[in-house]
Amino acid sequence: MTASLGEILLALLGLPLLLGFVRLVLGPSLPDRVVALDFMTAVAVAASGLWAIATDNPVFLDVAMVLALITFVGTVAFARYLERRGSS
Amino acid sequence: MIAFAVAVVGIAFMVIAGIGLLRMPDLPTRMHASSKAGTLGAALVLAAVALHFGDAAIAVRVAVVCVFLLLTAPVASHVIARAAYRTGVPLSPETVIDELEEHRCRGLARDEPPGDDPDSSASEGSERDRRKL
């Protein structure tokens, strides 16, 4: 069984995910981690789009839409939390 | 085939954004890399999805997701950057100018009683404040 072109592209998308994950682990501050998480969800939105191509199933676009919505709310909530908590 | 070319360009943007996120020296420069290039990369990959299916309904859905990404990414980055600056996340030592800091100094100098040199003492004080934070 040979991998389709969509699956190869999906594998390529693992590289930015990995880079974002390294930044998430390294930190050093909490906002750095939040930015890394934000970037990783952007990668996940792209991945669900590519998954829709690889499986020929456009349902996964809804997943991308919901992910994009949720990550915005999450980031704003994190920022509120950071400002309320004060200095790190 | 065009769809795959667009997807490859989008993935290339995401890889560049990831490298920037990893290699840049401080938070604002990291956000500069990740939020702009990352959003463009995701939007390009979604455009590739629309091209691949070639269906109006899917194209509309992709357009909605893209508009949503392009609307929320700047707001989210702005909010995070503001929170980080206010909580005193240190900037890179190579930073040349921090104009917001100067504005904050002027605000502090106005609050201080007159007598000592407002410029130097205020900037030192706020410098100490930020380091303490």
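Me: Angles under 35 degrees count as roughly parallel, over 145 as roughly antiparallel, 65 to 115 as roughly perpendicular, and the rest as oblique. What makes H2(B) and H3(B) roughly antiparallel to each other?

Reply: Their axes cross at roughly 175 degrees and come within 9 Å. Axes are lines fitted to C-alpha atoms, for helices over the stretch in contact, and angles run from 0 to 180 degrees between N-to-C directions. The cut-off is over 145, so H2(B) and H3(B) are roughly antiparallel. This is a predicted model: local features need pLDDT of at least 70, side-chain atom pairs count only at pLDDT 80 or more, and totals for chains, interfaces and linings use all residues. Residues are numbered from 1 along each chain as its sequence is written, while chains are lettered from A and ligands numbered from 1 in the order in which they are written.

Me: Which residues make the contact of H2(B) with H3(B)?

Reply: Contact needs C-beta atoms, placed from the backbone, within 7 Å. H2(B) gives residues including Leu27(B), Met31(B), Leu46(B) and Phe53(B). H3(B) gives residues including Ile58(B), Val62(B), Leu69(B) and Ala84(B). By class there are 20 nonpolar, 3 polar and no charged residues. Nonpolar means Ala, Val, Leu, Ile, Met, Phe, Trp, Tyr, Cys and Pro; charged means Asp, Glu, Lys and Arg; the others, Gly among them, are polar.

Me: Why is H2(A) called roughly antiparallel to H3(A)?

Reply: The axes of H2(A) (residues 14-26) and H3(A) (residues 30-55) cross at roughly 165 degrees and come within 8 Å. That is over 145, so the label for H2(A) and H3(A) holds. Pro16(A), Leu17(A) and Phe21(A) are among the H2(A) residues that meet H3(A), where Ala36(A), Leu37(A) and Met40(A) are among the partners.

Me: What makes up the side of chain B that touches chain A?

Reply: There, 43 residues of chain B are in contact with 41 residues of chain A. H1 (2-23), H2 (27-53) and H3 (56-86) of chain B each give two or more residues. H3(B) supplies the largest share, 14 residues. Across this side of chain B, 30 residues are nonpolar, 10 polar and 3 charged.

Me: What is called a helix here, and how many does chain B have?

Reply: A helix is a DSSP run of H or I of at least four residues; a strand is a run of E of at least two; both are numbered from the N terminus. Chain B has 5 helices and 0 strands.

Me: Where is confidence lowest in chain B?

Reply: pLDDT is the predictor's confidence in each residue, from 0 to 100. In chain B the lowest mean is 47, in H5 (residues 118-132), and the highest is 91, in H1(B). Over residues 111-128 of chain B the pLDDT is below 50. Where pLDDT is low, the predicted coordinates should not be read in detail. Chain B as a whole has a mean of 80, and chain A has a mean of 87. The model scores ipTM 0.86 and pTM 0.80.

Terms used
Two residues are in contact if their C-beta atoms, placed from the backbone, lie within 7 Å.
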